Amino acid sequence: MEFVLASHNRKKLAELRDILSMLSISVQPLPEHAPEPVEDGESFEENALIKARAACRLTGKPALADDSGLCVDALGGAPGVYSARYCAGTDTDRTQFLLRNMETVPDGQRTARFVSAVACVFPDGTEFTVRGACDGVIARTMLGAGGFGYDPVFYVPEYDCTFGELPQEVKNQISHRARALGACREKLAERLSAAHHD
């Protein structure tokens, strides 16, 4: 089954494609000219559905979309759905802004999680969402040049390093996005099985 991926973010596309290839799901990127829908949902699931519905309408193909972000306990869950627009500027600017906001938070209270919601929308109107999460701790400095977004400050105790330091293939097995896409694959398998028996 071929899907269109509702994203123009090249790094996210590369990561999604890597994970989906492991799941034997074929994907193609959104056409270059495709407009960006307004992501005004109040949850990751709502924003993922907005993107997937728009991509499905545009292409007539089943569409997959991910909406993800970092939820920091000491900041009341922020930046959350506003992770990509936490402040103006680059990924590094947003990460430094987060670190400044966390300066006075003691080591034992720096827990956080990356959350990913994946939406799948079909041309017949069927749709579903799944969620994945990965728990970690906000480091005091940026470490590692891998990944993107807040990866260099998201420390994973079990691996004793940040997402920015983890090899990509390891990150793609344990990340919030990998867990959400794994759940998505199970849902798709159920759908294909049901269609086969009809």
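**Largest pocket**

How many nonpolar, polar and charged residues does the lining of the largest pocket have? I find 6 nonpolar, 10 polar and 13 charged residues. For these classes, Ala, Val, Leu, Ile, Met, Phe, Trp, Tyr, Cys and Pro count as nonpolar, Asp, Glu, Lys and Arg as charged, and the others, Gly among them, as polar.

I note the ground rules here. The model is predicted, local features need pLDDT of at least 70, side-chain atom pairs count only at pLDDT 80 or more, and totals for chains, interfaces and linings use all residues. Residues are numbered from 1 along each chain as its sequence is written, and side-chain values use heavy atoms, with hydrogens and water left out.

I looked up the volume of the largest pocket, which is about 590 Å³. Of its 29 lining residues, N9, K12, S68, A84 and F148 are the closest to the centre. A pocket here is an open set of points on a 1 Å grid over the protein atoms alone, where a 1.4 Å probe fits, with protein on both sides within 12 Å along at least five of seven lines; lining residues have an atom within 4 Å of a point. The volume is the space filled by probe spheres set on the points, which are joined across faces, edges and corners.

Next I asked which elements supply the lining. Helix 1 (10-22), strand 3, helix 3 and helix 5 (176-197) each give at least two residues. Strand 3 has the largest share, 4 residues. Helices (H or I, at least four residues) and strands (E, at least two) are DSSP runs, numbered from the N terminus.

I moved to the loop between strand 3 (63-72) and helix 3 (91-101), where S83 lies. S83 is buried, because its relative accessible area is 5% (buried means under 20%, exposed over 50%, partly exposed in between; 1.4 Å probe, protein chains only). The side chain of S83 reaches the backbone nitrogen of L70 at 2.9 Å. Beyond four places in sequence, S83 touches S68, G69, L70, R94 and Y150 (contact means heavy atoms within 4.5 Å).

P79 is found in the loop between strand 3 and helix 3 as well. A cis peptide bond joins A78 and P79, with omega about -5°.

**Nonpolar cores**

Which residues have the most contacts inside the largest nonpolar core? They are F3, L20, L64 and L188, in a core of 20 residues. Strand 1 (2-5), helix 1, strand 4 (111-121), strand 5 (127-138) and helix 5 each supply at least two residues of this core. Helix 5 gives the largest share, 5 residues. Apart from this core lies another, of 19 residues, among them Y86, M102, I138 and V153. A nonpolar core is a set of buried Ala, Val, Leu, Ile, Met, Phe, Trp, Tyr and Cys residues joined through side-chain atoms within 4.5 Å.

I then took F3 by itself. F3 sits in strand 1. F3 is buried, as its relative accessible area is 1%. F3 and R140 are 137 residues apart in sequence and 39 Å apart in space, C-alpha to C-alpha.

**V137**

V137 lies in strand 5. Is V137 buried or partly exposed? V137 is partly exposed, because its relative accessible area is 22%. V137 touches R110, T111, V153, F154, Y155 and P157, not counting residues up to four places away in sequence.

I found P152 in the loop between strand 5 and strand 6. P152 counts as buried, since its relative accessibility is 7%. Residues up to four places away aside, P152 touches T141, M142, L143, G144, T162 and G164. From P152 to R17 I read 135 residues in sequence and 21 Å in space, C-alpha to C-alpha.

D160 is in the loop between strand 6 (154-156) and strand 7 (161-162). D160 counts as exposed, at 57% relative accessibility. Phi of D160 is near 55°, a positive value in a residue other than glycine. Most residues other than glycine have a negative phi, and most peptide bonds are trans.

My last stop was K171, in helix 4 (residues 168-174). K171 counts as buried, at 1% relative accessibility. Outside four places in sequence, K171 touches E15, G147, F148, D151, F163 and L166.

Technical notes
Polar contact = N/O pair within 3.5 Å; in protein donor to acceptor, adjacent residues only side chain to side chain.
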